[in-house]
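Please read these points with the sequence and the model open beside you. They go from the whole chain down to single residues.

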Amino acid sequence: MTEKQKLIKRAGDMFIEGYNCAQSTTAPFNDIVGVDEDTLIKASCAFGGGVARLRNVCGVVSGIAFIFGLSSPCLDVTDEDAKADMYGKAQELISKFTAKNETVICSELLDDFEKNPPKSEPYKDNPCLKLVEDGVALLCDYLGIE
């Protein structure tokens, strides 16, 4: 199993275990960004459900941005070129998510699911599982993890 496959599987397993979309997207990258898993789980907790279940920006997208920022830190707040470069790369990454899913808004991503919820195994039937796995795959591709 490749490193990318391991990260995708870990993310999916975490979501099925009950971690939210943002936690499931961020925590598998702990070794890559040098932050322990518990810290990533705590730090990303409020991003789930479109930020605190408000159904705004998808937690997977927030998780992608969070990990991308940790993997490519822009520490000098006066370096406008570095900030512009970081924003441009993050926008490129998030636009790949948008191209695949048509939106980054949680409520829009879950519209059909919420109108017709599954009768059993809510985590396995939840479209967020696929979004988490796809988001981790996109992030791996962008970070060069094979």
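**Notes on the fold**

1. Contacts between residues 24 or more positions apart make up 63% of the contacts in the protein chain with a separation of 6 or more; contact means heavy atoms within 4.5 Å. This is a predicted model, where local features need pLDDT of at least 70 and side-chain atom pairs count only at pLDDT 80 or more, while totals for chains, interfaces and linings use all residues. Residues are numbered from 1 along each chain as its sequence is written, and side-chain values use heavy atoms, with hydrogens and water left out.

2. The protein chain has 10 helices and zero strands (DSSP runs numbered from the N terminus: H or I of at least four residues for helices, E of at least two for strands). The radius of gyration, taken over C-alpha atoms, is 15 Å, close to the 15 Å from the globule rule for 146 residues, so the chain is as compact as a globular protein of that length. The rule is 2.2 Å times the number of residues to the power 0.38. The C-alpha atoms fill a box of roughly 50 × 30 × 25 Å along the principal axes.

3. Of the 146 residues, 39% count as buried, that is, under 20% relative accessible area with a 1.4 Å probe, protein chains only. The largest nonpolar core has 32 residues; such a core is a set of buried Ala, Val, Leu, Ile, Met, Phe, Trp, Tyr and Cys residues joined through side-chain atoms within 4.5 Å. F29, V60, F97, V136 and L139 have the most contacts inside this core. Helix α10 (127-143) is among the elements that give two or more residues to the core, and α10 gives the most, with nine.

4. How do α5 and α6 cross? Their axes come within 10 Å, at roughly 145 degrees (lines fitted to C-alpha atoms over the stretch in contact, with angles from 0 to 180 degrees between N-to-C directions). On the α5 side the contact is made by V60, V61, I64, A65, F68 and G69, and on the α6 side by M86, K89, A90, L93, I94 and F97.

5. Leaving aside neighbours within four places in sequence, V60 is in contact with C21, T25, F97, L131, V132 and G135.

6. S62 also lies in helix α5. Is S62 buried or exposed? S62 is buried, because its relative accessible area is 14%. Beyond its neighbours within four places in sequence, S62 is in contact with F47, V51 and V57.

Terms used: Buried < 20%, exposed > 50% of the residue type's maximum accessible area, 1.4 Å probe, protein only.
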